[in-house]
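The report below describes a single protein chain, with attention to its helices, its pockets and several individual residues. Please read the text alongside the sequence and the coordinates.

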Amino acid sequence: MAKKSKKQQSGGTPATVALTAAGVSYTVHAYDHDPAHPSYGEEAAEAMGVSPDRVFKTLVADVDGTLTVAVVPVAGQLDLKALAAAVGGKRAAMADPALAERTTGYVRGGISPLGQRKTLPTVLDASAAAHATICVSAGRRGLEVELAPEDLQKLTEAVLAPVGR
């Protein structure tokens with residue numbers, strides 16, 4: 001069962017520090033990560049008892065040579081052509097995991113769209129707008145942050161576009 005903690009005031013991950021600094025309302029959900037689980041996102045949804053269409057995964061892709069973040073529901077997949085189109089590119093491919101980790105400062109399965117080491121262009125799937133709150137990684141495996149999609153979009157300067165399928 002997921003544990004809920006109150007809004008963190010200081011410390012935490014770079015993602016929670018960024019949220020606190022911005023004065024955004026959020027809730028942290030922690031759970032025991034199982035390294036044997038086949039999907040980080042599905043594991044988070046199950047552990048928190050939240051519908052997979054409200055839990056979003058953070059993926060890093062290469063769009064015409066520029067690393068770009070896509071935030072899509074864990075219940076679906078990233079449409080690479082739609083991602084490229086959303087940022088005015090021609091071609092997108094998943095980024096090398098090691099490069100994604102070095103660039104964002106997070107480990108795979110714990111990459112957050114917030115508080116990244118280097119600010120990357122970000123696209124938030126349009127389906128996020130249908131929810132009062134969504135969950136994204138808080139910056140480490142077993143830790144999610146729940147916030148309003150508008151706040152996530154504002155803080156990451158994300159483009160809202162249909163990039164999930």
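What covers the buried residues of H2? In this predicted model, the cover includes strand E2 (27-30), together with E7 and E8. The buried residues of helix H2 are Gly 41, Glu 43, Ala 44, Ala 45, Ala 47 and Met 48. Just after H2 comes Gly 49, whose phi is positive, at about 70°.

**Overall architecture**

The secondary structure of the protein chain consists of five helices and nine strands. In sequence order these elements follow the pattern β-α-β-α-β-β-α-β-α-β-β-β-α-β. The radius of gyration is 14 Å, close to the 15 Å that the globule rule gives for 165 residues, so the chain is as compact as a globular protein of that length. The C-alpha trace spans about 40 × 35 × 30 Å along its principal axes.

Of the 165 residues in the chain, 45% are buried. Among the contacts with a separation of 6 or more, 59% are between residues 24 or more positions apart. The accessible surface of the chain amounts to about 8,200 Å², and carbon and sulfur atoms account for 51% of that surface.

The largest pocket has a volume of about 640 Å³. Its lining comprises 34 residues, of which Tyr 40, Lys 57, Thr 58, Leu 59 and Gly 109 are the closest to the pocket centre. At least two lining residues are supplied by each of helix H2 (40-48), strand E3 (56-63), helix H4 (97-104), strand E7 (134-140) and strand E8 (143-147). Strand E3 gives the most to this lining, with five residues.

The second largest pocket holds about 180 Å³ of space. Its lining includes Ala 18 and Pro 113, as well as Lys 118, Leu 155 and Glu 157.

**Residues with positive phi**

Most residues other than glycine have a negative phi, and most peptide bonds are trans. Which phi does Asp 64 have, although it is not a glycine? The phi of Asp 64 is positive, at about 50°. Asp 64 is placed in the loop between E3 and strand E4 (66-73). Asp 64 counts as partly exposed because its relative accessibility is 46%.

Glu 157 is likewise a residue other than glycine with a positive phi, near 55°. Glu 157 sits in the loop between helix H5 (149-156) and strand E9 (159-161). With a relative accessible area of 69%, Glu 157 is exposed. Glu 157 also belongs to the lining of the second largest pocket.

Ala 93 is part of strand E5, which covers residues 92-94. Its relative accessibility is 23%, so Ala 93 counts as partly exposed. Leaving aside residues up to four places away in sequence, Ala 93 touches Ala 61, Asp 62 and Leu 80. Ala 93 and Thr 16 are 77 residues apart in sequence, and their C-alpha atoms are 29 Å apart in space.

Is Pro 121 found in a loop or in a strand? Pro 121 lies in the loop between H4 and strand E6 (122-125). A relative accessibility of 38% is the reason that Pro 121 counts as partly exposed. Pro 121 touches Thr 66, Leu 67, Thr 68 and Val 69, again not counting residues up to four places away in sequence. Between Pro 121 and Val 159, which are 38 residues apart along the chain, the C-alpha separation is 8.4 Å.

Technical notes: Residues numbered from 1 in each chain as written. Predicted model: local features only at pLDDT ≥ 70, side-chain atom pairs only at ≥ 80, totals over all residues. Heavy atoms only, no water. 1 Å grid on protein atoms, 1.4 Å probe; cavity = no way out; pocket = protein on both sides within 12 Å on 5 of 7 lines; lining within 4 Å. Points joined across faces, edges and corners; volume = space filled by probe spheres on them. Helix = DSSP H or I, 4+ residues; strand = E, 2+ residues; numbered from the N terminus. Buried < 20%, exposed > 50% of the residue type's maximum accessible area, 1.4 Å probe, protein only. Contact = heavy atoms within 4.5 Å. Rg over C-alpha atoms; globule rule 2.2 N^0.38 Å. Areas by Shrake-Rupley, 256 points an atom, 1.4 Å probe, with all protein chains shown as cover.
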